[in-house]
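Student: I would like to go through some of the terms used for this structure. Can we take them one at a time?

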Amino acid sequence: MVEVSARDGLQNEARSLPVETRVALLEGLVAAGLRTLEAGAFVSPRWVPQMAGTDEVLRRLGQPAGVTYSALVPNLQGLDAALAVGCREVAVFAAASEAFSRKNINCSIAESLERFGPVLAKAREVGVAVRGYVSCALGCPFSGEVAPGDVARVTTALHEMGCYEISLGDTIGVGTAQATSRLIAACAAEVPVSALAGHFHDTYGMAVANVQAALEAGVRVFDSSVSGLGGCPYSPGATGNVATEELVYLLEHQGLATGVDLERLIEVGVFIDSQLQRVGGSRVAKAIKARQCFS
Ligand code: HMG
Ligand code: MG
(Lines give C-alpha, C1' and ligand atoms only; values in the text may rest on other atoms or scores of the structure.)
(Ligands and ions follow the chains in the order given, each with its own letter.)
Protein backbone atom coordinates (compact mmCIF):
# COMPACT_ATOMS: atom_id res chain seq x y z
CA MET A 1 0.00 0.00 0.00
CA VAL A 2 1.31 3.42 -0.96
CA GLU A 3 -0.31 6.17 1.10
CA VAL A 4 -0.64 9.35 -0.97
CA SER A 5 -2.89 11.56 1.16
CA ALA A 6 -0.14 13.97 2.25
CA ARG A 7 0.64 14.64 -1.44
CA ASP A 8 -2.25 13.74 -3.75
CA GLY A 9 -4.77 14.54 -1.02
CA LEU A 10 -3.47 17.85 0.22
CA GLN A 11 -2.34 19.21 -3.17
CA ASN A 12 -5.99 19.58 -4.13
CA GLU A 13 -7.32 21.28 -1.02
CA ALA A 14 -8.23 24.96 -1.16
CA ARG A 15 -6.45 25.59 2.16
CA SER A 16 -2.77 24.81 2.57
CA LEU A 17 -1.98 23.03 5.81
CA PRO A 18 1.00 24.00 7.95
CA VAL A 19 4.06 21.76 8.18
CA GLU A 20 3.19 20.59 11.75
CA THR A 21 -0.21 19.27 10.62
CA ARG A 22 1.28 17.48 7.61
CA VAL A 23 3.91 15.87 9.85
CA ALA A 24 1.21 14.83 12.36
CA LEU A 25 -0.83 13.29 9.51
CA LEU A 26 2.13 11.27 8.23
CA GLU A 27 3.25 10.14 11.69
CA GLY A 28 -0.33 9.13 12.51
CA LEU A 29 -0.48 7.04 9.34
CA VAL A 30 2.80 5.33 10.24
CA ALA A 31 1.47 4.64 13.76
CA ALA A 32 -1.56 3.02 12.08
CA GLY A 33 0.80 0.66 10.24
CA LEU A 34 1.47 2.23 6.82
CA ARG A 35 5.06 1.91 5.69
CA THR A 36 5.30 3.59 2.27
CA LEU A 37 4.07 7.15 2.15
CA GLU A 38 4.35 10.12 -0.20
CA ALA A 39 5.21 13.04 2.04
CA GLY A 40 4.90 15.82 -0.55
CA ALA A 41 6.15 17.17 -3.86
CA PHE A 42 9.15 19.23 -4.95
CA VAL A 43 7.26 21.08 -7.65
CA SER A 44 6.92 24.77 -8.40
CA PRO A 45 5.13 26.45 -5.46
CA ARG A 46 3.60 28.76 -8.03
CA TRP A 47 1.92 25.77 -9.69
CA VAL A 48 0.95 23.88 -6.52
CA PRO A 49 1.25 26.15 -3.45
CA GLN A 50 -0.14 23.44 -1.14
CA MET A 51 3.13 21.48 -1.52
CA ALA A 52 5.40 24.36 -0.45
CA GLY A 53 7.33 23.36 2.66
CA THR A 54 7.78 19.73 1.59
CA ASP A 55 11.48 20.11 2.46
CA GLU A 56 10.59 21.05 6.05
CA VAL A 57 8.05 18.21 6.31
CA LEU A 58 10.72 15.70 5.28
CA ARG A 59 13.36 17.24 7.49
CA ARG A 60 11.08 16.89 10.53
CA LEU A 61 10.06 13.34 9.68
CA GLY A 62 13.57 12.09 9.02
CA GLN A 63 13.85 8.65 7.42
CA PRO A 64 12.97 6.19 10.22
CA ALA A 65 13.98 2.54 9.67
CA GLY A 66 11.33 0.47 7.95
CA VAL A 67 9.43 3.50 6.65
CA THR A 68 9.76 5.07 3.21
CA TYR A 69 8.81 8.73 2.85
CA SER A 70 8.98 9.68 -0.82
CA ALA A 71 8.26 12.82 -2.82
CA LEU A 72 7.21 13.74 -6.34
CA VAL A 73 9.89 15.40 -8.49
CA PRO A 74 9.22 16.76 -11.99
CA ASN A 75 12.86 17.54 -12.89
CA LEU A 76 16.46 17.71 -11.64
CA GLN A 77 15.72 20.77 -9.54
CA GLY A 78 13.10 18.72 -7.68
CA LEU A 79 15.45 15.75 -7.28
CA ASP A 80 18.20 17.96 -5.85
CA ALA A 81 15.76 19.40 -3.32
CA ALA A 82 14.69 15.87 -2.35
CA LEU A 83 18.29 14.70 -1.97
CA ALA A 84 19.11 17.71 0.18
CA VAL A 85 16.63 16.51 2.82
CA GLY A 86 17.71 12.87 2.67
CA CYS A 87 14.89 11.37 0.57
CA ARG A 88 15.59 7.76 -0.34
CA GLU A 89 12.80 7.50 -2.88
CA VAL A 90 11.24 9.90 -5.37
CA ALA A 91 8.57 9.66 -8.06
CA VAL A 92 8.52 11.13 -11.55
CA PHE A 93 5.20 11.70 -13.25
CA ALA A 94 4.34 11.46 -16.93
CA ALA A 95 0.97 11.29 -18.67
CA ALA A 96 -0.57 9.14 -21.38
CA SER A 97 -2.36 12.17 -22.81
CA GLU A 98 -0.59 15.08 -24.52
CA ALA A 99 -3.18 17.64 -23.41
CA PHE A 100 -2.83 16.65 -19.74
CA SER A 101 0.97 16.59 -19.92
CA ARG A 102 0.96 20.22 -21.10
CA LYS A 103 -1.51 21.38 -18.45
CA ASN A 104 0.19 19.51 -15.62
CA ILE A 105 3.90 19.93 -16.28
CA ASN A 106 3.99 22.37 -19.20
CA CYS A 107 5.64 20.07 -21.73
CA SER A 108 4.88 17.24 -24.15
CA ILE A 109 5.07 13.58 -23.15
CA ALA A 110 8.31 13.16 -25.13
CA GLU A 111 9.85 16.23 -23.48
CA SER A 112 8.87 14.95 -20.05
CA LEU A 113 10.55 11.60 -20.70
CA GLU A 114 13.67 13.41 -21.89
CA ARG A 115 13.63 15.48 -18.71
CA PHE A 116 13.37 12.33 -16.57
CA GLY A 117 16.50 10.78 -18.16
CA PRO A 118 18.97 12.83 -16.09
CA VAL A 119 16.74 12.49 -13.00
CA LEU A 120 16.88 8.69 -13.24
CA ALA A 121 20.62 8.75 -13.98
CA LYS A 122 21.44 10.91 -10.98
CA ALA A 123 19.09 8.97 -8.68
CA ARG A 124 20.79 5.72 -9.72
CA GLU A 125 24.21 7.25 -9.03
CA VAL A 126 23.25 8.15 -5.46
CA GLY A 127 21.20 5.01 -4.81
CA VAL A 128 17.76 6.60 -4.66
CA ALA A 129 14.80 4.53 -5.89
CA VAL A 130 12.52 6.07 -8.49
CA ARG A 131 8.87 5.27 -8.98
CA GLY A 132 6.99 6.42 -12.08
CA TYR A 133 3.41 7.56 -12.63
CA VAL A 134 1.40 7.50 -15.81
CA SER A 135 -1.55 9.86 -15.46
CA CYS A 136 -4.78 9.69 -17.48
CA ALA A 137 -4.39 5.93 -17.79
CA LEU A 138 -8.17 5.48 -18.12
CA GLY A 139 -9.21 8.85 -19.55
CA CYS A 140 -8.19 12.49 -19.90
CA PRO A 141 -10.15 15.52 -18.65
CA PHE A 142 -9.23 17.42 -21.80
CA SER A 143 -9.05 14.89 -24.63
CA GLY A 144 -11.38 12.12 -23.45
CA GLU A 145 -10.60 8.49 -24.18
CA VAL A 146 -7.07 7.19 -23.82
CA ALA A 147 -6.02 3.99 -25.61
CA PRO A 148 -4.40 1.30 -23.43
CA GLY A 149 -1.59 1.12 -26.00
CA ASP A 150 -0.70 4.78 -25.31
CA VAL A 151 -0.46 4.02 -21.59
CA ALA A 152 1.62 0.89 -22.23
CA ARG A 153 4.10 2.92 -24.34
CA VAL A 154 4.75 5.47 -21.60
CA THR A 155 4.83 2.72 -18.95
CA THR A 156 7.46 0.84 -20.95
CA ALA A 157 9.54 3.98 -21.43
CA LEU A 158 9.55 4.68 -17.68
CA HIS A 159 10.39 1.06 -16.89
CA GLU A 160 13.25 0.97 -19.40
CA MET A 161 14.56 4.23 -17.97
CA GLY A 162 14.86 2.55 -14.53
CA CYS A 163 11.63 3.20 -12.63
CA TYR A 164 11.26 0.15 -10.39
CA GLU A 165 7.49 0.48 -10.33
CA ILE A 166 4.97 2.32 -12.48
CA SER A 167 1.72 3.48 -10.97
CA LEU A 168 -1.12 3.63 -13.47
CA GLY A 169 -3.20 6.67 -12.55
CA ASP A 170 -6.90 6.97 -13.25
CA THR A 171 -6.41 10.66 -12.55
CA ILE A 172 -10.05 11.64 -13.04
CA GLY A 173 -11.65 8.44 -11.80
CA VAL A 174 -13.58 7.57 -14.95
CA GLY A 175 -12.44 3.95 -15.31
CA THR A 176 -14.51 0.83 -14.82
CA ALA A 177 -13.46 -2.72 -13.90
CA GLN A 178 -13.55 -3.86 -17.51
CA ALA A 179 -11.44 -0.93 -18.71
CA THR A 180 -9.00 -1.59 -15.85
CA SER A 181 -8.62 -5.24 -16.89
CA ARG A 182 -7.88 -4.15 -20.48
CA LEU A 183 -5.38 -1.57 -19.25
CA ILE A 184 -3.47 -4.01 -17.03
CA ALA A 185 -3.42 -6.61 -19.81
CA ALA A 186 -1.92 -4.06 -22.25
CA CYS A 187 0.76 -2.90 -19.77
CA ALA A 188 1.57 -6.38 -18.43
CA ALA A 189 2.27 -7.47 -22.00
CA GLU A 190 5.21 -5.00 -22.00
CA VAL A 191 6.51 -4.94 -18.41
CA PRO A 192 6.29 -7.49 -15.55
CA VAL A 193 2.99 -7.17 -13.71
CA SER A 194 5.01 -7.03 -10.46
CA ALA A 195 6.30 -3.63 -11.65
CA LEU A 196 2.78 -2.19 -11.95
CA ALA A 197 0.72 -0.39 -9.31
CA GLY A 198 -2.87 0.88 -9.39
CA HIS A 199 -3.81 4.48 -8.55
CA PHE A 200 -7.56 4.92 -8.72
CA HIS A 201 -9.58 8.05 -8.05
CA ASP A 202 -13.17 7.55 -6.94
CA THR A 203 -15.05 10.22 -8.91
CA TYR A 204 -17.73 7.79 -10.14
CA GLY A 205 -17.49 5.42 -7.14
CA MET A 206 -15.58 2.86 -9.20
CA ALA A 207 -12.23 2.88 -7.40
CA VAL A 208 -12.77 -0.25 -5.27
CA ALA A 209 -14.11 -2.17 -8.29
CA ASN A 210 -11.05 -1.10 -10.25
CA VAL A 211 -8.71 -2.22 -7.46
CA GLN A 212 -10.43 -5.61 -7.50
CA ALA A 213 -10.06 -5.90 -11.28
CA ALA A 214 -6.36 -5.00 -11.03
CA LEU A 215 -5.89 -7.48 -8.17
CA GLU A 216 -7.39 -10.22 -10.29
CA ALA A 217 -5.00 -9.26 -13.09
CA GLY A 218 -2.06 -9.76 -10.71
CA VAL A 219 -1.34 -6.22 -9.47
CA ARG A 220 -0.27 -6.18 -5.81
CA VAL A 221 0.55 -2.53 -5.09
CA PHE A 222 -2.14 0.12 -4.68
CA ASP A 223 -2.11 3.82 -3.91
CA SER A 224 -4.74 5.21 -1.55
CA SER A 225 -5.55 8.19 0.59
CA VAL A 226 -6.90 8.24 4.14
CA SER A 227 -10.52 9.41 4.24
CA GLY A 228 -10.47 9.45 0.42
CA LEU A 229 -8.66 12.78 0.27
CA GLY A 230 -7.42 13.83 -3.10
CA GLY A 231 -7.85 15.06 -6.59
CA CYS A 232 -5.54 16.77 -9.00
CA PRO A 233 -5.19 20.53 -9.39
CA TYR A 234 -4.90 20.13 -13.18
CA SER A 235 -7.82 17.78 -13.50
CA PRO A 236 -11.11 19.65 -13.09
CA GLY A 237 -13.77 17.71 -11.21
CA ALA A 238 -11.57 14.80 -10.15
CA THR A 239 -12.30 13.65 -6.61
CA GLY A 240 -10.25 11.71 -4.10
CA ASN A 241 -8.21 8.56 -4.30
CA VAL A 242 -9.67 5.28 -3.16
CA ALA A 243 -9.91 5.64 0.63
CA THR A 244 -7.18 3.76 2.51
CA GLU A 245 -9.87 2.52 4.92
CA GLU A 246 -11.74 0.91 2.00
CA LEU A 247 -8.58 -0.61 0.58
CA VAL A 248 -7.68 -2.13 3.97
CA TYR A 249 -11.20 -3.53 4.35
CA LEU A 250 -11.16 -4.99 0.83
CA LEU A 251 -7.73 -6.60 1.15
CA GLU A 252 -8.08 -7.92 4.71
CA HIS A 253 -11.45 -9.52 3.93
CA GLN A 254 -9.84 -11.36 1.05
CA GLY A 255 -7.06 -12.77 3.18
CA LEU A 256 -4.38 -10.25 2.21
CA ALA A 257 -2.65 -8.92 5.32
CA THR A 258 -2.01 -5.17 5.24
CA GLY A 259 -0.45 -4.61 8.66
CA VAL A 260 -2.74 -1.61 9.09
CA ASP A 261 -4.84 -1.05 12.21
CA LEU A 262 -8.18 0.09 10.80
CA GLU A 263 -9.40 1.76 14.00
CA ARG A 264 -6.26 3.87 14.28
CA LEU A 265 -6.43 4.69 10.59
CA ILE A 266 -10.01 5.93 10.99
CA GLU A 267 -8.84 8.21 13.82
CA VAL A 268 -6.24 9.71 11.48
CA GLY A 269 -8.99 10.30 8.92
CA VAL A 270 -11.12 12.11 11.50
CA PHE A 271 -8.09 14.22 12.49
CA ILE A 272 -7.23 15.33 8.95
CA ASP A 273 -10.86 16.03 8.02
CA SER A 274 -11.16 18.27 11.06
CA GLN A 275 -7.95 20.10 10.13
CA LEU A 276 -9.34 20.71 6.65
CA GLN A 277 -12.81 21.55 7.99
CA ARG A 278 -13.99 18.93 5.57
CA VAL A 279 -17.08 16.78 5.85
CA GLY A 280 -15.45 13.66 4.53
CA GLY A 281 -14.83 10.24 5.91
CA SER A 282 -14.73 6.96 4.09
CA ARG A 283 -17.79 4.72 3.88
CA VAL A 284 -15.89 2.15 5.97
CA ALA A 285 -15.32 4.71 8.76
CA LYS A 286 -19.02 5.62 8.72
CA ALA A 287 -20.13 1.97 8.74
CA ILE A 288 -17.87 1.09 11.65
CA LYS A 289 -19.04 4.13 13.61
CA ALA A 290 -22.69 3.22 13.00
CA ARG A 291 -22.08 -0.36 14.14
CA GLN A 292 -20.52 0.92 17.37
CA CYS A 293 -23.63 3.01 18.01
CA PHE A 294 -25.85 -0.07 17.70
CA SER A 295 -23.70 -2.43 19.76
P1 HMG B 1 7.66 25.58 -15.92
O2 HMG B 1 7.07 26.91 -15.58
O3 HMG B 1 7.52 25.08 -17.33
O4 HMG B 1 9.19 25.44 -15.44
O5 HMG B 1 7.03 24.52 -14.94
P6 HMG B 1 10.50 26.19 -15.70
O7 HMG B 1 11.58 25.16 -15.73
O8 HMG B 1 10.36 27.16 -16.83
O9 HMG B 1 10.65 27.01 -14.33
C10 HMG B 1 9.73 28.03 -13.97
C11 HMG B 1 9.92 28.37 -12.50
O12 HMG B 1 9.61 27.20 -11.72
C13 HMG B 1 11.34 28.76 -12.12
O14 HMG B 1 11.24 29.71 -11.07
C15 HMG B 1 11.92 27.50 -11.58
O16 HMG B 1 12.95 27.72 -10.65
C17 HMG B 1 10.72 26.89 -10.88
P18 HMG B 1 11.39 31.28 -11.32
O19 HMG B 1 12.77 31.43 -11.87
O20 HMG B 1 10.31 31.65 -12.32
O21 HMG B 1 11.18 31.88 -9.95
N22 HMG B 1 10.85 25.43 -10.78
C23 HMG B 1 10.74 24.77 -9.60
N24 HMG B 1 10.49 25.18 -8.35
C25 HMG B 1 10.46 24.23 -7.38
N26 HMG B 1 10.64 22.92 -7.63
C27 HMG B 1 10.88 22.47 -8.87
C28 HMG B 1 10.95 23.42 -9.93
N29 HMG B 1 11.18 23.32 -11.26
C30 HMG B 1 11.11 24.55 -11.75
N31 HMG B 1 11.06 21.16 -9.09
C32 HMG B 1 7.11 22.48 -13.68
C33 HMG B 1 7.40 23.15 -15.00
C34 HMG B 1 7.22 20.99 -13.91
C35 HMG B 1 8.13 22.95 -12.64
C36 HMG B 1 5.68 22.89 -13.23
O37 HMG B 1 4.79 22.64 -14.27
C38 HMG B 1 5.22 22.14 -12.01
O39 HMG B 1 5.75 22.32 -10.92
N40 HMG B 1 4.20 21.30 -12.15
C41 HMG B 1 3.71 20.49 -11.04
C42 HMG B 1 2.38 19.97 -11.33
C43 HMG B 1 1.91 19.07 -10.21
O44 HMG B 1 2.50 18.96 -9.14
N45 HMG B 1 0.76 18.40 -10.45
C46 HMG B 1 0.17 17.53 -9.51
C47 HMG B 1 0.89 16.22 -9.38
S48 HMG B 1 0.54 15.05 -10.69
C49 HMG B 1 -0.87 14.20 -10.17
O50 HMG B 1 -1.52 14.60 -9.24
C51 HMG B 1 -1.24 12.91 -10.82
C52 HMG B 1 -0.87 11.70 -9.96
O53 HMG B 1 -1.51 11.75 -8.70
C54 HMG B 1 -1.25 10.41 -10.66
C55 HMG B 1 -2.71 10.41 -11.12
O56 HMG B 1 -3.62 10.62 -10.37
O57 HMG B 1 -2.83 10.16 -12.33
C58 HMG B 1 0.64 11.64 -9.74
MG1 MG C 1 -3.64 11.12 -8.31
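This is a predicted model: local features need pLDDT of at least 70, side-chain atom pairs count only at pLDDT 80 or more; totals for chains, interfaces and linings use all residues.

Student: What makes Gly269 of H11 a contact residue, and how is Gly classed?

Tutor: Contact means heavy atoms within 4.5 Å, and Gly269 is listed among the H11 residues that meet H10. Gly counts as polar.

Student: Why is H10 called roughly antiparallel to H11?

Tutor: The axes of H10 (residues 244–252) and H11 (residues 262–275) come within 10 Å and cross at roughly 165 degrees. Angles over 145 degrees count as roughly antiparallel, so H10 is roughly antiparallel to H11. Their crossing is left-handed.

Student: Why is H6 called roughly parallel to H7?

Tutor: For H6 (residues 109–126) and H7 (residues 148–161), the axes come within 10 Å and the crossing angle is roughly 25 degrees. Angles under 35 degrees count as roughly parallel, therefore H6 is roughly parallel to H7. H6 passes H7 in a right-handed crossing. Among the contact residues are Phe116 and Arg124 of H6 and Leu158 and Met161 of H7. The contact divides into 8 nonpolar, 1 polar and 1 charged residues.

Student: What makes the pair between Ser135 and ligand 1 a polar contact?

Tutor: A polar side-chain atom of Ser135 lies 3.0 Å from an oxygen atom of ligand 1. The cut-off for a pair of N or O atoms is 3.5 Å, so the pair qualifies. A polar side-chain atom of His199 also lies 3.0 Å from an oxygen atom of ligand 1.

Technical notes:
Residues are numbered from 1 along each chain as its sequence is written. Chains are lettered from A and ligands numbered from 1 in the order in which they are written. Side-chain values use heavy atoms; hydrogens and water are left out. Axes are lines fitted to C-alpha atoms, for helices over the stretch in contact, and angles run from 0 to 180 degrees between N-to-C directions. Helices (H or I, at least four residues) and strands (E, at least two) are DSSP runs, numbered from the N terminus. Angles under 35 degrees count as roughly parallel, over 145 as roughly antiparallel, 65 to 115 as roughly perpendicular and the rest as oblique. A crossing is left-handed if the near helix is turned anticlockwise from the far one by less than a right angle, and right-handed if clockwise. A polar contact is a pair of N or O atoms within 3.5 Å; within protein, one must be able to donate a hydrogen and the other to accept it, and residues adjacent in sequence count only if both atoms are side-chain atoms.
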